[in-house]
Amino acid sequence: MANFYWTKDIDEARKEQQTLVELVKTKKSTFDSAHFNFGLAIGTSYEENTKTAFAVCIMFDRRGKTIGDCIITKAEVDFPYVPGLLAFRVGSAICLALDQVTDKIDLLLFDGQGIAHPRGFGLASHIGVLFDKPSVGVTKKALFGNYTLPTKGIHHTDLRHPRTNVTIGYCVSTSNSHDPFFMSPGHRITLSESLEFIKMIAGDSYLPDPLRIVHVRANRLVREYWDKQKKTS
Amino acid sequence: MIFSIIGGASGVGKTSLLRSFSDIKQVNTGDLFQQSMSLENRDEIRKGDWSVLEGDVTKKLADISSESIRSKKDLIIDTHFAAKIYGSQYRIGLKEEYLYQLGKSILKLCVNEMLTVNVILISADPHSLLTRRRLDRSRNRELVPSDCYRDLRYNDVYSRRYLTAFRRAEKNIGMNMPGLKMGYFSVENEAFDLSEMQLISILRR
């Protein structure tokens, strides 16, 4: 199996996004909610000292209940933190994980942006296109788009493109006690399908449950890894 | 005689489709470039400057074509309408001037003959191509995802220039060729059987 090439050049990375965005399909869905069996939640982190990217993935069912153990992969990547270019930092670690399980998965759920991105090509869209799988991106903060906060409880508001005012995602509240999160379709799923799906699996936390688990694990992993590196050196 | 130039992006399934036409003489321009460059690996061609060998390859193509015409046998030229040069930029597989020369040399030999010239683009959905390239075990290089899209797009654009070059050759040859037919076809290789049938209808008319 061929490995994907990830450029280390920032300008080239933006150009790659500008080309690949042509392949994003959010009107032509292949997602079938009725036959959804398993999703894969994907969290990532990056250890700056050792230039190591981590991906933590866990499968979940249609109720958002996680199944089995986390798959953890890491890759050495020297790419700076640039908002909007997360895929070039953590993409290779994610692909290593997806190569192991992608055939069993109906949807990829990312701790990252979908089309709500300056070039319409966030992490969820990028990896979704590479594997041609339905994908959705969810984040705690909005990188791109205008919105008004939804009222607490189970509500959502539109996340709109700043220039065209077209809806590119949603700001979703799932409880009275947490701040809302932001979501947008990545690839092969429509806006409305992605919203329905997120509501189906979300729970009442600050992120949909499977994502919260991988998000926490990925951040813990990066700290543990650096502690271990310090001890051994 | 049917003279066909069949091209498309690398991994589009061209070579697999052409296996069904093993009774027709086929020449692969990649092989000709590889021989001229004395390379062991085909993937190495696109990293270098293969343009210096275009003249040689065109001459070889003209010789092979002449031989086929003389023996009244159909010929398929298996090629890429667009190819990477210096490992980054895409350009036309053979410069239009060389295509014009090749066209002229073929047409001149068939002035009073029945000759069909086909330019056939094999294309695919970019997602399918990306998956095919990713799963291809024979590849020994990293896969640049945007190349799949660009390769398909440039092959589409440049394929039409192949036909234009041959039409220019026909125009400038200065002779009436009542037995000549030229056509452009696009075959989307999504379902192999369907694509094969489409190719049969073109190549075995």
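This is a predicted model: local features need pLDDT of at least 70, side-chain atom pairs count only at pLDDT 80 or more; totals for chains, interfaces and linings use all residues.
I started with what the buried residues of α4(A) pack against: β2 (52-60), β5 (135-139), β6 (153-160), β7 (167-175), β8 (181-187) and α5 (209-232) of chain A. Contact means C-beta atoms, placed from the backbone, within 7 Å.

Residues are numbered from 1 along each chain as its sequence is written, while chains are lettered from A and ligands numbered from 1 in the order in which they are written.

Next I listed the buried residues (20 or more other C-beta atoms within 10 Å of their own, C-beta atoms being placed from the backbone). In α4(A), residues 191-201, they are Leu191(A), Ser194(A), Leu195(A), Phe197(A), Ile198(A) and Ile201(A). Down the axis of α4(A) they fall within an arc of 165 degrees (taken from the directions from the helix axis to the C-beta atoms), so they line one face of the helix. Just past α4(A), I found Gly203(A) with a positive phi of about 75 degrees.

Then I turned to chain B. I found an open sheet of 5 strands there, in the order β2-β3-β1-β6-β7, with parallel pairing; a pair needs at least two DSSP bridges. β2 (25-28) and β7 (180-188) of chain B stand at the edges with a single partner each, so one side of each has no neighbour in the sheet. I looked up β6(B), residues 115-123, too: it pairs with β7(B) over 9 bridges.

Last, I checked the interface: 12 residues of chain A contact 16 residues of chain B.

Conventions: Helices (H or I, at least four residues) and strands (E, at least two) are DSSP runs, numbered from the N terminus. Two residues are in contact if their C-beta atoms, placed from the backbone, lie within 7 Å. A residue is buried if 20 or more other C-beta atoms lie within 10 Å of its own, exposed if 12 or fewer, and partly exposed in between; C-beta atoms are placed from the backbone.
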